[in-house]
Amino acid sequence: MFIAYAVVATLLALAAAGSAFMTFTRNPQVIGGMTKVGVPESRLPLLATAKAAGALGLLAGLVVPALGAAAAAGLVLYFAGAVIAHLRVKDFELAPAAVLTLISAAALVLRLASA
């Protein structure tokens, strides 16, 4: 189970870090999606920091199981919140957030199973 966690966590960490980078650098595609669901621009650094912390926590979870589980749980909540935000405004372009929610949940289950 640990090898499965390591693979899923590493891929998810890359995705979360990339998303954080695009949010920090104000990528028009990411910012457009966040604006569409009503995220104020003042919250963007906080959201990018949360994604970056999740990415780092997943990688640290390779050594410290509790940290990996906490990071995966945090990312599940983050991306589930993104899905809810899209649904709230009837924006059905939520596939990336939904997929990342499922991958985050898989990382959480795998980390808990391998601890």
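Visitor: Leaving aside neighbours within four places in sequence, which residues is Met34 in contact with?
Guide: The model is a predicted one. Contact here requires heavy atoms within 4.5 Å. With neighbours within four places in sequence left aside, the contacts of Met34 are Thr23, Val39, Leu44, Leu47, Lys51 and Tyr78.

Visitor: How many residues does the largest nonpolar core have?
Guide: Met34 is among the residues with the most contacts inside this core, as are Tyr5, Leu12, Leu58, Leu75, Phe79 and Ala107. Helix 1 (2-24), helix 2 (28-36), helix 3 (44-60), helix 4 (65-88) and helix 5 (95-114) each supply at least two of its residues. The largest nonpolar core has 19 residues.

Visitor: Which helix gives the most to the lining of the largest pocket?
Guide: The largest pocket holds about 710 Å³ of space. Of its 25 lining residues, Val30, Met34, Ala82, His86 and Ala97 are the closest to the centre. By class, the lining has 15 nonpolar, six polar and four charged residues. The most, seven residues, comes from helix 4.

Visitor: Why is the protein chain described as being as compact as a globular protein of its length?
Guide: The chain has five helices and zero strands. For 115 residues the globule rule gives 13 Å, and the chain is as compact as a globular protein of that length because its radius of gyration is close to that figure, at 14 Å.

Visitor: What percentage of contacts between residues at least 6 apart in sequence join residues at least 24 apart?
Guide: Buried residues make up 37% of the 115 in the chain. Of the contacts between residues at least 6 apart in sequence, the share joining residues at least 24 apart is 66%.

Conventions. Residues are numbered from 1 along each chain as its sequence is written. This is a predicted model: local features need pLDDT of at least 70, side-chain atom pairs count only at pLDDT 80 or more; totals for chains, interfaces and linings use all residues. Side-chain values use heavy atoms; hydrogens and water are left out. A nonpolar core is a set of buried Ala, Val, Leu, Ile, Met, Phe, Trp, Tyr and Cys residues joined through side-chain atoms within 4.5 Å. Buried means under 20% relative accessible area, exposed over 50%, partly exposed in between (1.4 Å probe, protein chains only). Helices (H or I, at least four residues) and strands (E, at least two) are DSSP runs, numbered from the N terminus. On a 1 Å grid over the protein atoms alone, a cavity is a set of points where a 1.4 Å probe fits but cannot get out, and a pocket is an open set with protein on both sides within 12 Å along at least five of seven lines; lining residues have an atom within 4 Å of a point. Grid points are joined across faces, edges and corners, and a volume is the space filled by probe spheres set on the points. Ala, Val, Leu, Ile, Met, Phe, Trp, Tyr, Cys and Pro count as nonpolar, Asp, Glu, Lys and Arg as charged, and the others, Gly among them, as polar. The radius of gyration is taken over C-alpha atoms; the globule rule is 2.2 Å times the number of residues to the power 0.38.
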